[in-house]
Amino acid sequence: MSDMDEFREMFFVECDELLEVLANGLRQMEAPGFDKETVHAVFRAVHSVKGGAAAFGLTTLVTFAHRFETVLDLVRSDRLEVTPQIMALAHRCSDCLTDLVTSARAQVDPDESRVDALLSELDALITPEDDEGPIEFVPLTLDFGGPLDFDLPPPMPAAPPAPGLEIAMTPGHQLYRSGNDPQALIAALHKLGPVAVALETAGVAALADWSPEEPGLAWRITITGASYDDVAAVFEFVEDCCALTISEAPVEDRPEPCDDPLPEPAPAPPVAVAVEAPGPTVVPPANAPANASAEAPQSAATIRVALDRVDRLMNMIGELVIKEAMLSQVIQTAGLHEQPDVVAGLDAIRQLAGDIQESVMSIRAQPLKLVFQRMHRILREAADATGKPVRLVTIGEQTEVDKTMIERLIDPLTHMIRNSVDHGLEDSVTRQRLGKPVEGTITLSAAHRSGRVQIEVSDDGGGINRPRVRQIAEDRGLIAPGANLSPAEIDQLLFLPGFSSKDEVSALSGRGVGLDVVRREIMALGGRVMIQSTEGVGTTFSIALPLTLAVLEGMLIQLGDQTMVLPITAVQETLRPEDRMLHGVGHGTRLLSNRGELIPIIDLGATFGLEAPGALDSGVLIVVETDSRKRAAFRVDGIFDQRQVVIKSLEQNYGRVPGVSAATILGDGKIALIIDPEEIVLSLSNDQGRRLAAMASNG
Amino acid sequence: MTTRILAVDDSPTIRALVSKALRNAGFEVFLAVDGVDGVGALSEADPDLIITDINMPRMDGFGLIENVRATGAYADVPILVLTTESGADLKARARSAGATGWIVKPFEDERLIAVIEKVLGR
């Protein structure tokens, strides 16, 4: 039943929203003096998950949500005090609920042991009288044959039809006021079997004495061929607002099966009178919006669009920008650039193209909120694992970045948060001794800074233990013993692959479990990671990212008569070398002495086969650093611009070219290749390795 | 003339399920997202019957029932409470607020329709 699949998917989308409301609400509840409405919202979120889950027969989810909700209800009604322990449990339940929704969506079995453990923790808070719901409720869901199948047998047991039943009914005023109607009840009885109806007016007071509180009309109904249970079920809604007896009819009283289909209901004055009776009419608040059938008007309207459509749009806008630049050049060559009309028109187009590009990028942009929220959970788990009390402060979670970036940020940030808890923060005993608050604080912040996104993870821990880091690096042979390193350079060691890949390191007070991985992932996104650390005060990791992956900040370089683009993220510095900085080694290998380090010089023009190796004094050297921290100096003929370029996939349009990651189109319509510095540096060191091996075998 | 039903629930999923069940049974369906929205929708929906959830933001189901019962025009419209709770306590509260009856979630389409027909006397 595709309809049901659609509803099911709808439910899971709704769950995502509800779980977000839940997680947000729980965090708000940790602040003192929180709004009571927050608790109601938290309760409703869990309640709605339960309601939907029940509709789809997700029993585990229903059971868990119900128990969680019962505890929240205790909090809501002030029968349970909000303590840090309760909040911790609530957070864990919220995580568990999220997992249950995820496994229900994926149709896999959830981790029962974890659910059971939490259920018993919840149970410990619930006294029997707090929880009357599930006793009736749970069997109901168990009855529910299949998740999508409502084809159940009628709920009434098939008792043998009674020979005849007599029903005496005297409705109280509540029956009329609750929108029930004796006529409807009699009609319902008539569906069960032939009925004979007698209206008794004896109980009705004289008009002068009559009160709507005591309508007084009574009915005596006999019915044949219906079971007691079926008849009782008709009166299900009214049994406690009318005087009702259902008894076996005396034999002589049984009605003949009559042809009269439906007894003309008594013209029922009590109904009319009773309805007008309740005191002064209260007009509902006028601020109610009159949007009757509008679906969920509370949020701004959104649509869901496949990402590739937006990508296509982005691509076309890239073309537009390029065409605009071409046009501009043509106008220049044609000598039209002094015509005010032409210049004004061109400016307007340029402005528009820029605005459109920005708008499309904003379509792809999403707030970092989703990632940040997930980090709360990561932090709780890390805090549980290490036994350190920690709180996470998030700043700027509305900061937007490209959607593809969001997904790829989760792993590195997870890593960093764990790392900060595990290695950044001291244990609570140490903190106490140092006079710091026992609870550590990790701050996760994001902001837009000059066209880039800056994300920071900082802790208020002990800072990097530099002697220890240095020791580890020496022990692992990553640096020469006694090497002269500045504090910042020592901090950088944490990012070295191989600095720590063993579990034993994570138990030490040093830092750096898998930070090389973080660094690699961030660099793959065109970003950079930096560390700042002050002893005893804490450590801050900063990530700087481009706003989108579709545009790249590049340096336009000249190689012979070709223009190529070097990603700016790889560039460390550019320089015109002095003779004393250059050294020749072996056959054709040249080295640059830079800041106490010898780095190989690669002639890019020669590498791409564009020209013969050029003289070093005629060109410019660009020092690059690759993801794996290998450094090299690229010799180029010149640098003439730094600008954003629209990335075009070369592999899709042409094929793979070694040393080239993608292409772009320049203002003059020419294609420029985007260099992959990583690959070039790597292939160089392989070449050198081979050359050395060859020399060794020859010699 | 088709029967007009106003369904009030803050969950889009439940609204979709209820409205599908009701439309399949030939009812004309109007939807509202909470009590305030429901009260506001009364005059346009001009309902023969109202179905409402209990736990909702801004105005809950009890508030909605009380408001509807207090209006001249819809004071006697049957109101069914659609809820996951089934405690006796809740039924008493629903009744004293003026609910006509209740249906426990998860509902079966047939049972929902049967209850509606019962309170409408059809």
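Predicted model: local features only at pLDDT ≥ 70, side-chain atom pairs only at ≥ 80, totals over all residues.
How many disulfides does a search of the whole structure find over all chains? I got zero, taking a disulfide as a pair of cysteine sulfur atoms within 2.5 Å. That kind of link is a covalent bond between the sulfur atoms of two cysteines.

Side-chain values use heavy atoms, with hydrogens and water left out, residues are numbered from 1 along each chain as its sequence is written, and chains are lettered from A and ligands numbered from 1 in the order in which they are written.

I looked up C96(A) and found it in no disulfide; the nearest cysteine sulfur belongs to C93(A), 6.8 Å away. C96(A) is buried, at 1% relative accessible area (buried is under 20%, exposed over 50%, partly exposed in between, with a 1.4 Å probe and protein chains only). I checked C15(A) too, and C15(A) is buried at 0%.

Then I turned to backbone angles. Most residues other than glycine have a negative phi. D78(A) isn't a glycine, yet I see a positive phi near 60°. I find D78(A) in the loop between α3 (59-76) and α4 (84-106) of chain A; helices here are DSSP runs of H or I, at least four residues, and strands are runs of E, at least two, numbered from the N terminus. D78(A) is exposed, at 62%.

Where does Q107(A) sit? I place Q107(A) in the loop between α4 and α5 (112-123) of chain A. Q107(A) has a positive phi of about 55° without being a glycine, and at 63% relative accessibility I log Q107(A) as exposed.
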